[in-house]
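Work through the exercises below with the sequence and the 3D structure at hand, and try each task before you read its solution.

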Amino acid sequence: MFLFTPNPEQSLARKIALQARLKLGRLEIRNFSDGEFYLRAKELIRGKKVYLLGDNFSRPTDLLKFLILANALKVNGAKKIIALVPYLAYARQDKIDQPGAPLTAKLIADLIAAVGINELVTINLHSHRDEQFFKIKLKNIDALPLLTSYFKTHFNRPISQLVVVSPDLGGQERARRFARLIHCPNVAILKKFRPKPNAVKILTIDQPQLIKDKSCLIVDDLIDTAGTIIAATKLLKKHQARDLYIAAVHPVLSGPAINRLKTSAIKKIFLTDTLPLTKEKVISKIKIISSASLMARNLS
Ligand code: R5P
């Protein structure tokens, strides 16, 4: 069986293919002078089940190449197309939060179905609301156990000396789950306010008395500009946290993120590879844990 991807140089595709015993499908890719793309599957796919990996839908060209390749597979008779999209971008806009706002989570779900994809396998969708937009079969894999096992081997203080922190109300269920998985009794929830997109102001902490002299582990689904993480670490430091750790699934790491993380007081950051990471993003305090085996195990 074949695994296709519009970015064959992506190492996650190679790792998944190896672990799931799939062959990477060969492609002909052309870029036209007007900016259009052409992707042709150079394999026999008629009547076959095929897998299609899409990586970074935040970049419009990557989303479009993924859709064009799905279309090529469909119109050439693939029997079943299973899409693997470890990080589903645009999922954060999952409700109409003010008059005239878009619902991009639904738009992406509709595009995936419209192009003929039969199933989607993804990792830690931003919210439960996102799930309702999919009319096709959806497998939403939880990567928290992957992060918890690495964190446990790294953290060498008694677990009673740790507080698991959610940087916002929306992430509290995730942080509580992480705490349960590592048997940590202490959880603190912060309240976040965004004055404008990509700007963060953390307002309050529900259990300030827990923080003093404790190690704090902030758990989130993703780090984008790192504004949330940095604002949270500042508040925790103000309450005299001893040291700071981060565990997040998706390394979006856009704009000022790497510089902010590099110059922060954070000791170690645990992330997965649901998005491709360029060399500049792999700084020493970031530990990347591959999601390839998790994806491979969850393919039907
Ligand atoms: C928000 O709901 C998410 O869970 C993340 O906390 C947020 O999107 C991270 O963005 P940034 O790193 O830009 O603050």
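**Exercise 1. Find which of the residues around the ligand come nearest, and describe the shell that they belong to.**

Solution. Of the 15 residues around the ligand, those that come nearest are Arg-92, Asp-220, Asp-221, Thr-225 and Thr-228, where a residue is near a molecule if one of its heavy atoms lies within 4 Å of it. Before going on, note that this is a predicted model, in which local features need pLDDT of at least 70 and side-chain atom pairs count only at pLDDT 80 or more, while totals for chains, interfaces and linings use all residues. Residues are numbered from 1 along each chain as its sequence is written, and side-chain values use heavy atoms, with hydrogens and water left out.

Next, look at the polar atoms. In the side chain of Arg-92, an N or O atom is 2.8 Å from an oxygen atom of the ligand. For Asp-220, the distance from an N or O atom of the side chain to an oxygen atom of the ligand is 2.6 Å, and a polar side-chain atom of Asp-221 likewise lies 2.6 Å from an oxygen atom of the ligand. On its own the ligand has 380 Å² of accessible area, and the protein covers 91% of it; such areas come from the Shrake-Rupley method with a 1.4 Å probe, and for residues only the protein chains shown count as cover.

Then ask where the shell comes from. Strand S12 (215-223) and helix H7 (227-238) are the elements that give two or more residues to the shell, and S12 provides the largest share, four residues. Helices (H or I, at least four residues) and strands (E, at least two) are DSSP runs, numbered from the N terminus.

**Exercise 2. List the buried residues of helix H1, and explain why they lie on the same side of H1.**

Solution. In H1, which spans residues 11-19, the buried residues are Leu-12, Ala-13, Ile-16 and Ala-17; buried means under 20% relative accessible area, exposed over 50%, and partly exposed in between (1.4 Å probe, protein chains only). They cover an arc of only 130° around the axis, which puts them on the same side of H1, the arc being that of the directions from the helix axis to the C-beta atoms. An α-helix has 3.6 residues a turn, so residues three or four places apart point the same way.

The buried residues of H1 pack against strands S1 (2-4), S2 (23-24), S5 (49-53) and S6 (80-85) and against helix H9 (292-297), with contact meaning heavy atoms within 4.5 Å.

Now inspect the two ends. At the N-terminal end, Gln-10 caps H1 with a side-chain oxygen that lies 2.9 Å from the backbone nitrogen of Leu-12. After H1 comes Arg-21, whose phi is near 55°, a positive value in a residue other than glycine. Arg-21 sits in the loop between H1 and S2 and counts as exposed because its relative accessibility is 76%.

**Exercise 3. Carry out the analysis of buried residues for helix H3.**

Solution. H3 (residues 104-114) has Thr-104, Ala-105, Ile-108, Ala-109 and Ile-112 as its buried residues. Seen down the axis of H3, they fall within an arc of 145°, so they line one face of the helix. Their cover includes helix H2 (60-75), strand S7 (119-123) and helix H4 (128-131). H3 is followed by Gly-116, which has a positive phi near 105°.

**Exercise 4. Decide whether Asp-243 counts as buried or exposed, and name the side chains with which it makes polar contacts.**

Solution. Asp-243 lies in strand S13 (residues 243-251), and because its relative accessibility is 9%, Asp-243 counts as buried. Its side chain makes a polar contact with the side chain of Ser-215 (2.5 Å) and another with that of Lys-267 (3.5 Å). A polar contact is a pair of N or O atoms within 3.5 Å; within protein, one must be able to donate a hydrogen and the other to accept it, and residues adjacent in sequence count only if both atoms are side-chain atoms. Not counting residues up to four places away in sequence, Asp-243 touches Lys-214, Ser-215, Cys-216 and Lys-267.
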